[in-house]
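Student: I have a structure open and would like to talk through it with you. Could we take it piece by piece?

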Amino acid sequence: MKKRIYLDHAATTYLDLRVKKVMDDFWIKNFGNPSSLYKEGRLAKKAIEESRLKIARFINAKPQEIIFTAGGTESDNLAIFGVANNFKKGHIITTKFEHHAVLNACKKLEELGFEVSYLDVGEKGIVSLKDFKRALKKETVLVSIMYANNEIGTIQPIAEIGKIIKDFRNSKTSDFKTYPLFHVDACQAAGYLDLNVEKLGVDLMTVNGSKIYGPKGIGFLYIKSGVKISPLLYGGEQERGLRPGTENVPAIVGLAKAFELAQKERDKESKRLTSLRDYFIKRLTKEIPRVYLNGDSKDRLPNNINVSILGVEGESVVLYLDEKGVSCSTGSACTSESLEPSHVIMALGGPYEYGHGSLRFTLGKCNKKSDIDYVMKILPDIVKKLRAISAVK
Amino acid sequence: MDGDNWYYSNKVKEHFFKPKNFAIKEPKENEFDAMGEVGNFACGDIMRMWIKIDPKTDRVKDLKWQTWGCATAIASTSAFSEMVLKNGGMKIENALKIKPQDIAKYLGGLPDRKFHCSVMADLAFKKAVENYRQAKNLTPS
């Protein structure tokens, strides 16, 4: 097989070998059920609790505040329904460009009688604090805002929002002083940004393994002590009853290792990728006519490049690149079941053409400058060809 | 599974990477007899089709197209053009009978969800024929 250049790390990452190594022992050798009293069980239990402690330390939380789940979507749902299910109605604030795990959960709650405010993100893809302040109401029970967007990588002012929420709660005279709760989806941010929950002022935080070179199908939800959550599933006592079911021990151990590596290597890798990112953006926008960067150029994840190439359609470009050995993704309608262009690109306020012509490259540990040079060698000709066929000039 | 099976059929792949009969440049005014345009920006597919008709035989002598669209839009238009131009060109009335299902079959199948949005060649052709007949002052059949 030809060499592949993988530029879609926001979709998922490969498993770091160091992660695989720590997981290896937990398939056959240490296979026990953590709830069992005997040695095999105790070993498994110990592995889980050490993993929990490790993660908690990195985010400045207590171990009992970490609940393991089956990934980002489940953590988001547990946070949102877990809070909302304690109420019959109420108000929720989120943004127009959340991940579907948050957006569709909020839409379901609207059907059930909740009121939801979807904040604009402006042309830069960043929530305005002014808009946020204005949206807060005394009935607001939950705020859910992503740390960094999965498509365009723009970073949201989470700590500032956390501070506004804190002040708002303190200004309340009623006994509803602990609300609204603040949930943050940090799946894309976990490898690059500071996840200190105290500094951020968050009550609930979602992280998953599959974006940080960890295993898929595993994640955690940080739940601040004292925050009342109802479970989505009913069963045994695992994870304080908030996530019943026998724990996925190898994946939990792998998640903790991946998270540890992500945090330790964060600064160095962020620096390296930021310069690669800016180099890539500069070449894309300079060397191919009518290419525009989506989202803010500075307040974005070090690994995210998202551009709209006008006059061509994203799926076509993705498949032409795939043929040449390059993997990336698009927000074009043609790749979605709904046949709607990306809600993220559309939230930036541009015309449909920007959505259909959007292309996302997300860098990772395996990428070098030569990968970008290769893309820049082949992409201009692909665009030229597709523009020649195109009826939109 | 080695991932070498393509996302769509091999026939789609062939027409997508080597599209037939597309107009590299917009044709000059007298090069063709009529043009038809369909599609919209919202769904992400816009197509133009130019036709040249032999007035004596009513056969499609030449056909060129441009499309702003996804892989299946490009492939289905290319396939349509090949179907129509085969064997010296179809008669208009026969070419008008080509349905999206026929194009999909010719391509070895298309996913359901891509069917309605991306197969527009038949519509663009219909539009071009309408314009052709109008220009010739003929009543539409």
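Student: Which residues is Val318(A) in contact with, leaving aside its neighbours within four places in sequence?

Tutor: In this predicted model, and with those neighbours left aside, Val318(A) is in contact with Cys328(A), Ser329(A), Thr330(A) and Leu359(A).

Student: Where does Val318(A) lie, and is it buried or exposed?

Tutor: Val318(A) lies in helix H9 of chain A, which covers residues 314–323, and its relative accessible area of 15% makes it buried.

Student: And how far apart in space are Val318(A) and Ser297(A)?

Tutor: Their C-alpha atoms are 23 Å apart, while in sequence Val318(A) and Ser297(A) are 21 residues apart.

Student: Switching to salt bridges, how many does the structure hold over all chains?

Tutor: There are 36 salt bridges over all chains. One of them joins the side chains of Glu74(A) and Arg243(A), with an N to O distance of 2.8 Å. That pair links distant parts of the chain, since Glu74(A) is in helix H3 (residues 72–84) and Arg243(A) is in the loop between strand S8 (219–223) and helix H8 (249–287), 169 residues apart.

Student: Are Glu74(A) and Arg243(A) buried or exposed?

Tutor: Glu74(A) is buried, and Arg243(A) is buried as well.

Student: What about the rest of H3(A), how many of its residues are buried?

Tutor: Of the 13 residues of H3(A), 12 are buried, so the helix is largely enclosed by the rest of the structure.

Student: Which residue does Asp167(A) meet in a salt bridge?

Tutor: The side chain of Asp167(A) meets that of Lys163(A), at 3.1 Å from N to O. The two are 4 residues apart in helix H6 (residues 158–171) of chain A, and therefore separated by about one helical turn. In general, an α-helix has 3.6 residues a turn, so residues three or four places apart point the same way. Asp167(A) counts as partly exposed because its relative accessibility is 41%.

Student: Which residue forms a salt bridge with Arg169(A)?

Tutor: Asp203(A) does, with the closest N and O atoms 2.5 Å apart. Asp203(A) lies in the loop between helix H7 (197–200) and strand S7 (204–208), whereas Arg169(A) is in helix H6, so the pair ties together parts of chain A that are 34 residues apart in sequence. Both of these residues are buried.

Student: Which residues are linked in a network of salt bridges?

Tutor: Asp16(A), Arg18(A), Glu265(A) and Lys365(A) are linked in such a network.

Student: New topic: what does the domain assignment give for chain A?

Tutor: It gives domain 1 as 5–12 + 267–389 and domain 2 as 17–262, with 28 Å between their centres, taken over C-alpha atoms. In the contact, 27 residues of domain 1 face 28 residues of domain 2, and the area buried between these domains is about 2200 Å², 54% of it from carbon and sulfur atoms. The rule finds 1 salt bridge across that interface.

Student: And how much area do chain A and chain B bury between them?

Tutor: Chain A and chain B bury about 2300 Å², with 62% of it on carbon and sulfur atoms, and the contact takes 28 residues from chain A and 29 residues from chain B. Here too the rule finds 1 salt bridge, and the side chains of Lys13(B) and Glu323(A) meet in a salt bridge at 3.6 Å, N to O.

Student: Last one: where does H12(A) bend?

Tutor: H12(A) bends by about 30 degrees at Ile378(A), and Pro380(A) follows within four residues. The helix runs over residues 369–389 and reaches 31 Å from its first C-alpha to its last, close to the 30 Å expected. Its buried residues include Ile378(A) itself, along with Leu379(A), Ile382(A) and Val383(A).

How values were computed: Residues are numbered from 1 along each chain as its sequence is written. Chains are lettered from A and ligands numbered from 1 in the order in which they are written. This is a predicted model: local features need pLDDT of at least 70, side-chain atom pairs count only at pLDDT 80 or more; totals for chains, interfaces and linings use all residues. Side-chain values use heavy atoms; hydrogens and water are left out. The expected span of a helix is 1.5 Å times one less than its number of residues. The bend at a residue is the angle between axes fitted to the seven residues ending there and the seven starting there. Buried means under 20% relative accessible area, exposed over 50%, partly exposed in between (1.4 Å probe, protein chains only). Domain bounds come from an automatic or database domain assignment. Contact means heavy atoms within 4.5 Å. Buried area is the accessible area (1.4 Å probe) that two parts lose on being put together, summed over both. A salt bridge is a side-chain nitrogen of Lys or Arg within 4 Å of a carboxyl oxygen of Asp or Glu.
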